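Colleague: I have a few quick questions about this one before I start setting anything up. Could you walk me through the strands and helices?

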Amino acid sequence: MQNKSFFVVFLLFFVISSLLLSTDFLKGQSVFRAIPPTPNQVQGKPFLAFPSGDSLAYEGLFQTMDSLLIDGEETHLTIMHIGGSHIQAGIFSNRMRANLLTLSPGLVSARGLIFPFSAAKTNNPYNYSTTYTGNWIVAKNTQKEPCFVLGLTGMCIVPEDSSATITIFTKKNDSLSYNFNTIYVLGYSDSMWVKPQLRLRDSLLIEGVWNAKTMSYSFNLETDINTFTLQFAKNDTMWQPFYLRGFYLDNQRAGISYVDIGVNGASVLSYLKCELLENDLQLVHPDLCILSIGINDANCNDFDTSQFINNYKNLIAKIRRVSPNCQFLFTTNNDSYRRISRKYVNNPNGYLAQQAFYSLANYYKCGVFDLFAYMGGLKSISEWEKAGLAKKDKVHFTTEGYSIIGDLLYDALLNEYAKHLKQKRKQYESD
């Protein structure tokens, strides 16, 4: 921060660190979340564990947080959260997003990558809305052989005629508003004859600029907006498919962007099918990637942990090719049941997956959020269901359950940041 004296920075640091470290503060107006009691809750266990013993796993991440929260620098932090249906629902991940963005005023940055799930006839995250007209053909990374090329969102939709439209509205949610002035339409047509247009509220039509590197069209606006409609330019040529992988919404502001990506039923192998994943990652460039893929990988009779670990290594290699300094945080599978012959049977693979995640965290010298242990291990989700925190399928959670998990992960990460601040404060005091 160029215009602030050392004394001001030093004072700001003590204010922020005191808020995080003070016991009296934590009892009152806390930046941490009050977690209600849950069934089989294990006390005293660190649910963000570091199998490698590396206490500096997130030092780069925390230094960026220092720049934002303490130094007031115009810097940017991007967190990407990838998973299956737990993340497509948008409750768990949005709880994390909302918690982080309330750490300090003005942290809301780009909304980032979104997908028009309604046009794919599946559930849309509740923190933004999408509507559509016309018929759209859908391809997903959960299909054995997707009929279209996929990107980071794991889904692709193709309109059947030129009159089809998509409307996006980043509605205000949790007292946060996500306005944007740059829109990337992730998509293309084979001949490049079919081009996207954006219709704004005042019916103004604008055309984008093609970027071959990201396989997308960029639209730069003069003012911030929170809604637009995608349509297609009319021309005299024959209609050809336009392969839409989603949108990236940007505003070039400093702060925190929390990008969540989820496809119902997706496994790690599902994301390895996404040929344009690295193209789309060039827009995201995550600083931290939270990996919550695994519940579908382990939903089988013979769970191959070695293959699961190797698939994860291949996925992480793709991410690091674009963002070499990206840090990782794994979340274990929750306890779950499988439906066999009309009966629900506990899935013992939850324990095997837990061990695999610890192995991955040790290999990458990063943290693992042990949701499986927190829940109480095998068969614990039945108790969560009785408490109204899990659904009858004994795989998914209720809104309250997902909210608790989001608060847990937020508190676990913030606790590590508090340790970082405590160490930094000791250094300041000794200098």
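Colleague: How many bridges join strand S5 to S6?
Modeller: In this predicted model, S5, which covers residues 136–140, is joined to S6 by five bridges, and the two strands run antiparallel. Within that pairing, Ile-137 has Val-158 of S6 as its bridge partner.

Colleague: And which way do the residues of S6 point?
Modeller: Met-155, Ile-157 and Pro-159 point one way from the strand, while Cys-156 and Val-158 point the other way, and all of them are buried. Since five of the five residues of S6 (155–159) are buried, the strand is largely enclosed by the rest of the structure.

Colleague: Switching topic, in what order do the six strands of the open sheet come?
Modeller: The order is S1-S20-S17-S16-S2-S15, and the pairing in this open sheet is mixed. S1 (48–49) and S15 (255–262) stand at the edges with a single partner strand each, so one side of each is left without a neighbour in the sheet.

Colleague: In what sense do S2 and S16 pair?
Modeller: S2, residues 76–83, and S16, residues 288–292, pair in the parallel sense over five bridges, and the bridge partner of Ile-82 in S16 is Leu-291.

Colleague: Which strands does helix H5 lie across, and which does H12 lie across?
Modeller: Helix H5 (residues 91–101) lies across S2, S15 and S16, and runs at about 175 degrees to S15. Helix H12 (residues 399–430) lies across S1, S16, S17 (327–331) and S20 (367–369), and runs at about 150 degrees to S20.

Key. Residues are numbered from 1 along each chain as its sequence is written. This is a predicted model: local features need pLDDT of at least 70, side-chain atom pairs count only at pLDDT 80 or more; totals for chains, interfaces and linings use all residues. Side-chain values use heavy atoms; hydrogens and water are left out. Two strands pair if DSSP finds at least two bridges between them. Helices (H or I, at least four residues) and strands (E, at least two) are DSSP runs, numbered from the N terminus. Contact means heavy atoms within 4.5 Å. Axes are lines fitted to C-alpha atoms, for helices over the stretch in contact, and angles run from 0 to 180 degrees between N-to-C directions. Buried means under 20% relative accessible area, exposed over 50%, partly exposed in between (1.4 Å probe, protein chains only).
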